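Open the model in your viewer and keep the selection panel at hand. The stops below start at a chain interface and end at a single residue.

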Amino acid sequence: MNAFRDAGHLFRLAGVFAAGVLLFLVLRSFLVPKSFGEYGHYRGNALAEIAARPVNFAGHETCETCHADVLEKKRDGKHAHVNCEACHGPLAKHADDPSSVTPAKLDAAVLCVRCHEANAAKPKSFPQVVSADHSNGLPCDTCHQPHSPAIAAEPAK
Amino acid sequence: MQGVEGFMYPNEVELQWSVLIVLYPFLTGLVAGAFILASLERVFNVEAVKPTYRLALLTALAFLLIAPLPLQLHLGHPERSFEMYLTPHTTSAMAMFGFVYLWYLMAVLVLEIWLDYRRDIVLLSQSTTGVTRLIYRAMTLGSSNISERALHIDERAGWLITVIGIPSAFLLHGYVGFIFGSIKANPWWSSPLMPVVFIFSAMVSGIATVMLVYMFLTWSRKQTIDMRCVDTVARYLFYIFIIDFTLEMLDLIHRIYESDESFRSLDFMVHTKLYVSHIVVQIFLGTVTPILLLGATQVLNLTDRARKRIYGLAGCLTLIGIFAMRWNVVIGGQLFSKSFLGYTTYKMGLVTREGLLTAIVLTVLPLVILWVLVKLLPPWPERHTRPDSVIAHAR
């Protein structure tokens, strides 16, 4: 029919749109995670996926099995309840294979102020210093021992 | 704390929505406004403004292509925005906006432009060479049928799309107003008038843009400006501006009379932090002044030259005023505390991801795209020589 021939370009356009929608549907079937919508508007096995991720932190009990000397020192000091990896960072890889993975050296000048820099939002009972006044630019570990930081306590022992 | 007066909750001190979120409703407003202008010309068949019809469509397209960019730059993970199409969230107004946008872009604007330009595209695909020829060939979709009957069908289909397009354009921008208007926790935004005010201010800004772009392009092509056309567009601008202003004042009077628990706080803000951008720039410079200027051209008997100058000035002031309006809505709504006891300050970044420089680039980019579009699809009437019989037939 004539009208059909003269509207041919519109059918082509409809074809392009249909192809676009089809492409979208194909892409969608690949991109949407399989478990999506199992229980609600999220991935059903989100927890399983997270649980399957590699572990980064070994936990202080693991460290202590090999580094008993550090534990000895730390146990009685003020940092007794500060986890090893809170300062040394995640070291599960090192704990698995200490000979090939050596932990990076820590820089006390940036490490200690992360927790101890004076800030009005911190509880009053938490030990804080204004580092510029307190240490005069010296790295904290020239006077404090990281694993047993209190200075006054030392001579009393 | 610096920049904070009185009592602010901690999460209110920093503004979450930056100048880019101001830009976004400004850009979509231009799109909706330009399209509504084009549609009114088509549906009500206003001959005088014919020269701006195609230009308005191209302007709308150029701004619409850039409109989502400010949002993308605001997002921490822009690549995830695509997921609102993959796994649509039907109860989220913001998520469903993706579909409104797509519908408007693909089903309305691109389609209408294509139908209107099809004859030119076919002719251009035959008269050009090289890469441009390939581009035009692709745009014809392989059909070079420009028989009178085919063009007649295009005309009818285009008309239908325009009729669908008008509510779509209202939806596009009403939606932006809705997003703000439906936030019941924020008394500066929460108002059912918001979508309506947004639509009318969108029309005002869109019409002003098309008028300015038309005058500038015609001037730069060293052609004479069709004064009958510009006069008509300016008259529309004048009328719609009055409606817009009335609505905004209605909103204001309503707030003053209602005087709910937030009123004193908001009133204080308008008289201090927002004084310059709200009272001075938005209301006096950006609304009252252009309305008076446009009104003068309606009442007084001015020369063409004087009218052109006035239209240019009024158009620029209008755009500044509408931008200030978006600013006052978006930024103003975040400056006061929900406790109504404190105020914060917006500190705009300069060369940051959401800073001033980005905003400027995003404002200029649509104009560059428009320039390319105008080169690719010339909107000028001399090229637009459709056989009169076809037009007569279609209507």
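A salt bridge here is a side-chain nitrogen of Lys or Arg within 4 Å of a carboxyl oxygen of Asp or Glu. By that rule, the interface of chain B and chain A has 0 salt bridges. Keep in mind that this is a predicted model.

Select the helices of chain B that face chain A. α4 (83–86), α5 (93–127) and α7 (148–181) of chain B each supply at least two residues of the side that touches chain A. By class, that side of chain B has 12 nonpolar, 6 polar and 3 charged residues.

Now show both sides of the interface. In contact are 21 residues of chain B and 16 residues of chain A. The two chains, B and A, bury about 1,600 Å² between them, and 71% of this lies on carbon and sulfur atoms. Next, pick Leu86(B), Thr87(B) and Leu141(B): together they supply 33% of the area that chain B buries against chain A, more than any other three residues.

Across the interface of chain B and chain A, 8 residue pairs are in polar contact, both residues at pLDDT 80 or more.

For the last stop, select Leu292(B), which sits in helix α11 (residues 275–299) of chain B. Is Leu292(B) buried or exposed? Its relative accessible area is 59%, and the cut-off for exposed is over 50%, so Leu292(B) is exposed. To finish, draw a C-alpha to C-alpha distance from Leu292(B) to Val361(B): the two are 32 Å apart in space and 69 residues apart in sequence.

Technical notes:
Residues are numbered from 1 along each chain as its sequence is written. Chains are lettered from A and ligands numbered from 1 in the order in which they are written. This is a predicted model: local features need pLDDT of at least 70, side-chain atom pairs count only at pLDDT 80 or more; totals for chains, interfaces and linings use all residues. Side-chain values use heavy atoms; hydrogens and water are left out. Helices (H or I, at least four residues) and strands (E, at least two) are DSSP runs, numbered from the N terminus. Buried means under 20% relative accessible area, exposed over 50%, partly exposed in between (1.4 Å probe, protein chains only). Contact means heavy atoms within 4.5 Å. Buried area is the accessible area (1.4 Å probe) that two parts lose on being put together, summed over both. A polar contact is a pair of N or O atoms within 3.5 Å; within protein, one must be able to donate a hydrogen and the other to accept it, and residues adjacent in sequence count only if both atoms are side-chain atoms. Ala, Val, Leu, Ile, Met, Phe, Trp, Tyr, Cys and Pro count as nonpolar, Asp, Glu, Lys and Arg as charged, and the others, Gly among them, as polar.
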